[in-house]
Amino acid sequence: MTSRFALIALLFCLITTVTADDRKHIVDDSLSAFPFSNGVLVGDTLYLGGHLGLDKSGKVPANVEDEVNLVMEAIKKTVESAGLTMDDVVSIQVHCSDLSLYDSFNKIYKTYFKNGYPARAFLGSGKLLRDAHFEVLGIAVKKSR
Amino acid sequence: MTSRFALIALLFCLITTVTADDRKHIVDDSLSAFPFSNGVLVGDTLYLGGHLGLDKSGKVPANVEDEVNLVMEAIKKTVESAGLTMDDVVSIQVHCSDLSLYDSFNKIYKTYFKNGYPARAFLGSGKLLRDAHFEVLGIAVKKSR
Amino acid sequence: MTSRFALIALLFCLITTVTADDRKHIVDDSLSAFPFSNGVLVGDTLYLGGHLGLDKSGKVPANVEDEVNLVMEAIKKTVESAGLTMDDVVSIQVHCSDLSLYDSFNKIYKTYFKNGYPARAFLGSGKLLRDAHFEVLGIAVKKSR
């Protein structure tokens with residue numbers, strides 16, 4: 001229930017894409033006060049910034065599965081806003097403040113990929129922004145379809 | 001002795017490469033239960049996942065030099081399985097849970113590169129998976145030879 | 001005052017660029033004893049290693065704003081030594097040992113970008129080399145101008 005509400009809220013977030021010269025900046029309007037883009041697309045390559053799993057109030061939810069769903073939906077949203085699909089993701093870094101959550105993360109993470117997994121590093125971090133358990137970044141390369 | 005045994009074990013690990021569309025996934029068969037590829041090659045660019053220095057039982061060896069040898073051999077194996085060489089590596093991230101091991105790491109690390117070093121970040125991490133001291137990832141780009 | 005001295009010192013550091021085959025290694029001469037390049041340029045893509053904000057004595061300055069200035073000037077210097085500009089940076093990772101410095105970092109960081117921000121991850125790390133508060137790395141892609 002909590003999870004469903006949070007995901008619906010996420011779908012209504014606005015994403016702005018700004019084309020500057022040969023590249024496209026993908027910016028989540030709710031985060032535009034901060035000095036970063038969610039992703040930058042140059043040619044066929046999309047560089048993804050660090051994404052957190054935040055609910056509609058900008059907080060990390062109490063339930064860890066909700067957090068994993070939110071962070072992966074956030075990644076997916078940036079990927080799709082750039083015109084790519086999750087199938088195009090080649091590299092992922094998961095920075096995790098509590099390694100005991102490894103299995104919980106994987107269980108949800110693996111549902112996002114259908115044709116082979118990205119190269120991935122799963123790294124124990126220090127404390128993360130907003131007390132998140134996960135910050136996820138990566139690179140996607142548009143397939144020649 | 002311990003080190004030699006571990007390296008021999010590593011050489012017998014099977015690596016599977018799966019070509020999906022325009023990209024090749026490099027997967028170590030002993031790790032195929034986990035949702036990641038060791039590397040993904042797209043065009044000339046190889047994205048390396050996080051590699052640990054594990055012995056044949058899947059554990060981090062007691063001796064730190066053995067661990068460094070194992071993690072660098074694991075990286076080299078993925079690089080070569082993709083058809084590239086260590087000379088093609090352009091970028092490396094070392095996540096290290098104990099910075100006092102910096103010199104021990106460098107001593108072995110530098111023997112892997114003959115024509116200039118990759119750009120590298122050496123980052124103090126939190127606790128790493130399997131209590132490893134090092135997790136190493138990076139990017140390689142095949143030289144136009 | 002401290003800051004100005006440090007920045008002047010930085011401007012006098014020598015940078016060597018070595019072209020090997022199809023790639024260029026950018027090496028800060030004051031750091032050439034270490035097994036890394038500050039950056040490696042392949043085609044239009046520059047891979048930046050981890051940069052610290054060090055003063056002319058190789059130490060992290062007492063003042064955090066000085067440190068942020070130094071680390072961003074170090075990044076800029078590597079970018080420009082490769083023939084690119086800060087406007088070409090597409091991806092940044094900030095590894096930070098004290099998240100309470102987030103706003104101090106952003107205040108200076110954002111002055112370095114004029115046409116949209118790179119995708120960025122701001123990650124809580126463990127202890128960093130030389131007790132730095134920040135280690136910054138990233139990727140830049142030369143614009144087709």
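Reply: Please bear in mind that this model is predicted. We begin with the contact, to which chain A gives 24 residues and chain B gives 25 residues.

Me: Which elements of chain A supply at least two residues of the side that touches chain B?

Reply: They are strand S5 (89-96), helix H3 (102-109), strand S6 (119-124) and strand S7 (134-141) of chain A. S6(A) gives the most, with six residues.

Me: How are the two copies related?

Reply: Two copies of a chain are related by a rotation about an axis and a shift along it.

Me: Why is it said that the copies meet through different surfaces?

Reply: Because only 8% of the interface residues of chain A are also interface residues in chain B.

Me: What is the order of the strands in the open sheet of chain A?

Reply: The seven strands follow the order S1-S2-S3-S4-S7-S5-S6, with mixed pairing. Strand S1 (15-20) and S6 of chain A are the edge strands, each pairing on one side only. Between strand S4 (residues 45-51) of chain A and S7(A), which run antiparallel, there are five bridges; Leu48(A) stands opposite Gly138(A) in S7(A).

Me: Which strands does helix H2 of chain A lie across?

Reply: Helix H2 (residues 64-81) of chain A lies across S1, strand S2 (23-28), strand S3 (39-42), S4, S5 and S7 of chain A, and runs at about 150° to S4(A).

Methods. Residues numbered from 1 in each chain as written. Chains lettered and ligands numbered in written order. Predicted model: local features only at pLDDT ≥ 70, side-chain atom pairs only at ≥ 80, totals over all residues. Contact = placed C-beta atoms within 7 Å. Helix = DSSP H or I, 4+ residues; strand = E, 2+ residues; numbered from the N terminus. Pairing = 2+ DSSP bridges. Axes fitted to C-alpha atoms, helices over the stretch in contact; angles between N-to-C directions.
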